[in-house]
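The structure comes first, then the details.

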Amino acid sequence: MLSACNSIPTMDKVLDTSNRPPLEAGTLYLVATPIGNLEDITLRALRTLRECDRVAAEDTRRARQLLDQFQISKPTLSCHRFNEASRSEEIVGRLQKGEKIALVSDAGSPGISDPGERIVRTVLKAGLRVESVPGASALVAAVTASGLPTGEMHFLGFLPRKSGQRVRTLLRLREYAGTLVLYESPYRVEKLLGELSETHPGRPVVVARELTKKFEEFLRGTPESLAAQIKGRRMRGEFVVMVGGEESESTADEVSETPETR
């Protein structure tokens, strides 16, 4: 028992990066950043940001705020959905010269409903190395606290903006047995609940917002009851909306009408 306890590293050893292998030249590092709470940054993410040559960011202003918060000074490169194609080629060129580049989005993991997917494909196609530096994820934070089944899930990200396309997508998945997970903006979440009332009536639904922040909130119910709950409310922050599958109607009573705020 003593030997097991003695093998646990002290905090000083955890924070000491001198014995860690250096970042590898010519590698693109996908660095997850906090989705709200700065305490969710990982030690590995901080080391990667400190040791890389450049930070490619969805929004360089937000990236600089994060870097300043942890007293990290690095040149940044804008990389958003409007210039991702051209930036992909530039990043490949820099990596081929031996640079170590960290890619970050505004929050969470780059490439998950954020720029990054195209860059990764281009870098891999060029025969270069990509390494993930995992961390905070709205998807994982929401699903694990939802109370809905997690054994089988289908992640949709953001639905199309056009109503017809949205409804067709939802109808196509009406008979899916697992939990559906969607991202939505505060401007369309009420509309989404109305669409779910048509396509998935009576299903258990959990709406999570402001995850990891002071006003984090989970709302649970059916699409119909949740639409009534939020009607007229001024809703802020991005939302994660989770819908129980075809075989989970029996769990609706367990998760319905149980709003939770913290």
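Are E184 and R166 buried or exposed? Both E184 and R166 are buried (under 20% relative accessible area; exposed is over 50%, partly exposed in between; 1.4 Å probe, protein chains only).

## Basis

This is a predicted model, in which local features need pLDDT of at least 70, side-chain atom pairs count only at pLDDT 80 or more, and totals for chains, interfaces and linings use all residues. Residues are numbered from 1 along each chain as its sequence is written, and side-chain values use heavy atoms, with hydrogens and water left out.

## Salt bridges at R166

The whole structure holds 19 salt bridges (a side-chain nitrogen of Lys or Arg within 4 Å of a carboxyl oxygen of Asp or Glu). In one of them E184 pairs with R166, with the closest N and O atoms 3.0 Å apart. This pair links distant parts of the chain, as E184 is in strand β7 and R166 in helix α8, 18 residues apart. Helices (H or I, at least four residues) and strands (E, at least two) are DSSP runs, numbered from the N terminus.

R166 also forms a salt bridge with E195 (3.0 Å, N to O). E195 belongs to helix α9, 29 residues from R166. The relative accessible area is 4% for E195 and 0% for R166.

## Helix α9

Helix α9 spans residues 189-199, and its buried residues are V189, L192, L193, E195, L196 and T199. Seen down the axis, these fall within an arc of 160° (taken from the directions from the helix axis to the C-beta atoms), so they line one face of the helix.

## A pair in α5

E90 and R94 lie four residues apart in helix α5 and form a salt bridge at 3.3 Å between the closest N and O atoms. E90 is partly exposed at 27%, and R94 is partly exposed at 22%.
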